[in-house]
Amino acid sequence: MRRNVRKLLMLLALCLVCLGVVKAGAASEPIVPATPDVPVLVEQSGSSFVFKWNYDPQIASYIKNGLFGYELTFMNKNGQVIATENLSEYSSYLKSDYTSMVYAVVNNTALKKQAFTVTVRAYVDDRYSAASEANYIVPHPTVIDFSKNKIIKWEKVAGAKKYNVYFSTNGKKFKKIGTTSKRSFKINKKMTMNKKYYVYIDAVGKGFKSTVPTIIPGVSASKGMESNASKIWLKRY
């Protein structure tokens, strides 16, 4: 009887040890971050782009388990990778309000020259989430010159067949003043010397038009233009 009891106790102890190993293994299972939402274009200034997506409340736990960050991938219309940006938690180009949104700043000259798709995935060390859904972005052309003859010039966006030109005297209310197939346009508006004015250019092609950045969901197109328009001055030369 005692021998049977002893065997039973030994078996129970072995079971407890095995259970502890299983629990320890489960507790140390690597964390894989959740898939981020679709990245949305917030702002564009030349080759500098700002994207945002919803904040993940589990970020704090990710950081405790390794180096945390996001990887953004940009592809052209043919599915070829244009650029990849890796932004860790220590990057000055990755920001968060810790409640609702994550913001990423990407500086890349190739992005302002063509339409592209952008996806984002999160990582903890070498463990990556699935990539987000892709967002299709058409950059607005970068203004490069404004002459004393009121002629404005801008850079080419691949695939654009024409360009819409918008003008504002106060940077808030924009009015379309013309469309051209060239990359220059004369502003036939009365302009005061040294006063600041604003222009916003749309690239338009087959099946695409420049993406108007969205600062706040639901804002008007004019609001997006306001924050991304180019400032021009009529100066004496």
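Lys 112 counts as buried, at 13% relative accessibility, where buried means under 20% relative accessible area, exposed over 50%, and partly exposed in between, with a 1.4 Å probe and protein chains only. Lys 112 forms a salt bridge with Glu 155, and the closest N and O atoms are 3.0 Å apart. Lys 112 lies in the loop between β6 and β7, and Glu 155 in the loop between β11 (151–154) and β12 (160–168), so the pair ties together parts that are 43 residues apart in sequence. Glu 155 is partly exposed, with a relative accessible area of 24%.

Let me state the basis of these values. This is a predicted model, in which local features need pLDDT of at least 70 and side-chain atom pairs count only at pLDDT 80 or more, while totals for chains, interfaces and linings use all residues. Residues are numbered from 1 along each chain as its sequence is written, and side-chain values use heavy atoms, with hydrogens and water left out. Helices (H or I, at least four residues) and strands (E, at least two) are DSSP runs, numbered from the N terminus.

How many salt bridges are there by this rule? The count comes to three, a salt bridge being a side-chain nitrogen of Lys or Arg within 4 Å of a carboxyl oxygen of Asp or Glu. One of them joins Glu 71 to Arg 121, with the closest N and O atoms 2.7 Å apart. Glu 71 lies in strand β3 and Arg 121 in strand β7 (residues 116–124), so this pair ties together parts that are 50 residues apart in sequence. Glu 71 is buried at 13%, whereas Arg 121 is partly exposed at 28%. Lys 209 and Asp 202 also meet through their side chains in a salt bridge, at 3.8 Å from N to O. Here Lys 209 is partly exposed, with a relative accessible area of 44%, and Asp 202 is buried at 2%.

I turn now to the strands. Strand β2 (residues 48–54) and strand β6 (residues 101–107) run antiparallel and are joined by seven bridges; two strands pair if DSSP finds at least two bridges between them. Within this pairing, Ser 48 has Asn 107 in β6 as its bridge partner. β6 also pairs with β5, in the antiparallel sense, over three bridges. Ser 96 stands opposite Val 102 in β6. The hairpin of β5 and β6 has four residues between the strands, and Tyr 98 takes a positive phi near 65° there.

Several of these residues return in the largest pocket. A pocket is defined on a 1 Å grid over the protein atoms alone, as an open set of points where a 1.4 Å probe fits, with protein on both sides within 12 Å along at least five of seven lines; lining residues have an atom within 4 Å of a point. The largest pocket holds about 220 Å³ of space, a volume being the space filled by probe spheres set on the points, which are joined across faces, edges and corners. Its lining includes Ser 96, Tyr 98 and Val 102. Which strand gives the most to this lining? β5 does, with three residues.

The second largest pocket has a volume of about 170 Å³. Among the residues that line the second largest pocket are Asn 76, Lys 77, Tyr 136 and Phe 208.
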